[in-house]
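Subject: Structure handover and findings

Dear colleague,

Please read the notes alongside the coordinates.

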Amino acid sequence: MSALGSEVRRPAGSVGLDGSAWTGRRGPLRWGGWLLLIAVGYLLPWILGGSDRIVTTCVLIAIFAIMSYGLDLVLSYLGEVSLGHTLLWAAGAYLTAITAVRLGWSPMPALLAALAAATALAAVLGLATIRTREFVFSLVTYAAAVIGLTVVSNSAFFGGTDGLVGIPLLSLPALDGQYVARSNADFWPIAYLALVLVIALISRFRHSKLGVTALMAQMNPDLATSLGVDVRRTRVLVFVLSAPVAALAGWLYAYQRSYVSPDLLSPYFLLFMLTAVILPGRRLLLGPLVGAVLLTSQQELASLGGDADKIVLGGVLAAVLLLSPDGLAGIWRRIMRRGGGRKVRTAGDEAEQWA
């Protein structure tokens, strides 16, 4: 463990495979930089003009980025392609609609129900696929999503093909009573806060014992097993962790558009998640956010039409996989190497030393 760990730069606040803390300090300038970035990000809709179209685009970017971070945990840290992650995001949205419309629950209990349902669903699916890898895992998760689409489309309880409408305005407790999101401008602080919290969770995961063991299990499962890592258990835990992240995005989306429908399980959202993760490059903390910014901005601000946008989305994903599987980060690293620049290290670069 010590010899292996010595090859990897140890981030502050990290945890070793044995559970011991890794020491180190984050400089105040680094924290200040993050706080400045968060503040600028919050003000970005108004920096860009503050029109309803801009604010709506920013809200959707936040929601779709959170959705993509759910898949990023599985794709980047397990190396598995989950083709059924739309099921977890749709579960969050549908549970929100059911509890809010049919049961009259307020948003926070609806959120807890959505998170619990998606987590339970991921646990069942994770245990069912615990012995599967790669191609088989992808097929099984895709089959689960197809089953989910069939169920919600043909069940009156889920609203059938029309879905469930009439989700009330998002209303949360505030110091002066209730904060009600009556417009996308009102919705933006909630969506942005959720995005910041998810990114903080992903950052913590990257430096946690589970994150380190997940990368090791992906890079060299035999070595991980020899060091006492339960590879199957690790895979299930990461898959289950991804569920509440996707469900949170579903909860936000349900309140943002005030209804849910079977289109949540359509291939479009699956392609969006995959492209948002793969386009910037895997294992980048802000990668899914950058991907969501690029894709959502094109569709909301430079749309070519519904079907044309889908073609663009599929074409971008195919082009990245064929020309640069490492995404834009891979292209940048190759440019830097050819130009004699200093190589930019990523989590993936460091993890490869474990293999």
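Asp-263 counts as partly exposed in this predicted model, because its relative accessibility is 31%, which falls between the 20% limit for buried and the 50% limit for exposed. The partner of Asp-263 in a salt bridge is Arg-257, with 3.0 Å between the closest N and O atoms. Arg-257, for its part, is buried, at a relative accessible area of 16%.

A search of the whole structure finds two salt bridges, and the other one joins Arg-235 to Glu-80, where the closest N and O atoms are 3.4 Å apart. Arg-235 belongs to helix H10 (residues 231–257), while Glu-80 sits in the loop between helix H3 (52–77) and helix H4 (85–102), so this pair ties together parts that are 155 residues apart in sequence. Both Arg-235 and Glu-80 are buried.

Turning to the backbone, Ser-258 is not a glycine and yet has a positive phi of about 70°. Ser-258 is located in the loop between H10 and strand S4 (259–260), and with a relative accessibility of 27% this serine counts as partly exposed.

Arg-283, again not a glycine, has a positive phi of about 65°, and its place is in the loop between helix H11 (267–278) and helix H12 (287–301). Arg-283 is buried, its relative accessible area being 8%.

How values were computed
Residues numbered from 1 in each chain as written. Predicted model: local features only at pLDDT ≥ 70, side-chain atom pairs only at ≥ 80, totals over all residues. Heavy atoms only, no water. Salt bridge = Lys/Arg side-chain N within 4 Å of Asp/Glu carboxyl O. Helix = DSSP H or I, 4+ residues; strand = E, 2+ residues; numbered from the N terminus. Buried < 20%, exposed > 50% of the residue type's maximum accessible area, 1.4 Å probe, protein only.
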